[in-house]
Amino acid sequence: MGQGLQLAVIEDRADYQKSLSAEELAARGREPVPFHVIVNPEIIARSEETDVFHEGCLSLAGFSARVERARSVRVSCLDQWGEARIIEASGWYARILQHEIDHLHGSLYIDRMDPRSFTSQANYARYRDIESG
């Protein structure tokens, strides 16, 4: 018989972040995350502290909404070589892990979003420009 696997590929390269100001990067706790694979991930701890930021997803291309997520998480998983690993993540990396693990459990960010904040990426970009300008 086969073996059930849940697998996600994680990466947040510096060039993905170049449209954000230093202040926005700091507020999000966003730093580059190198390419890696997580297999059968499980969130084993979440901080009580949360952050709310706009999230988007390729599953709903062109849209985003505000989503509250734990500021830090501890994830148990296997790496691409089948070795057990514990990941301690905070800031945007923690958000990415929560987002991707939600996918593996059949959930999208719209299942957690503030529905009043759902908007197109174009509208959100205009809002950011006004807010920062």
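**Exercise 1.** Which residue in β7 is the bridge partner of Ser64?

*Solution.* The structure is a predicted model, in which local features need pLDDT of at least 70, side-chain atom pairs count only at pLDDT 80 or more, and totals for chains, interfaces and linings use all residues. Residues are numbered from 1 along each chain as its sequence is written, and side-chain values use heavy atoms, with hydrogens and water left out.

Step 1. Strands are DSSP runs of E with at least two residues, and helices are runs of H or I with at least four residues, numbered from the N terminus. Two strands pair if DSSP finds at least two bridges between them.

Step 2. β4 and β7 run antiparallel and are joined by two bridges. The partner of Ser64 in β7 is Thr119.

**Exercise 2.** State the order of the strands in the open sheet and identify its edges.

*Solution.* Step 1. The open sheet consists of three strands in the order β3-β4-β7, with antiparallel pairing.

Step 2. β3 (50-56) and β7 (119-120) are the edge strands, as each pairs on one side only.

**Exercise 3.** Locate Glu68 and list its contacts beyond its neighbours within four places in sequence.

*Solution.* Step 1. Glu68 belongs to strand β4 (residues 63-70).

Step 2. Contact means heavy atoms within 4.5 Å. With neighbours within four places in sequence set aside, Glu68 is in contact with Thr50, Asp51 and Val52.

Step 3. From Glu68 to Ile44 the separation is 24 residues in sequence and 18 Å in space, C-alpha to C-alpha.

**Exercise 4.** Describe the hairpin formed by β5 and β6.

*Solution.* Step 1. Strand β5 (residues 72-78) pairs with strand β6 (residues 84-90) over seven bridges, in the antiparallel sense. Opposite Arg74 stands Glu88 in β6.

Step 2. Five residues lie between the two strands of this hairpin, and Gly82 in the turn has a positive phi of about 85 degrees.

**Exercise 5.** Does the radius of gyration of the protein chain agree or disagree with that of a compact globule, and what is the overall make-up of the chain?

*Solution.* Step 1. The radius of gyration is taken over C-alpha atoms, and the globule rule is 2.2 Å times the number of residues to the power 0.38. For 133 residues the rule gives a value near 14 Å; the protein chain has 16 Å, which agrees.

Step 2. The protein chain has three helices and seven strands, which follow one another from the N terminus as β-α-β-β-β-β-β-α-β-α.

Step 3. Buried residues (under 20% relative accessible area, with a 1.4 Å probe and protein chains only) make up 38% of the 133 residues.

Technical notes. Buried means under 20% relative accessible area, exposed over 50%, partly exposed in between (1.4 Å probe, protein chains only).
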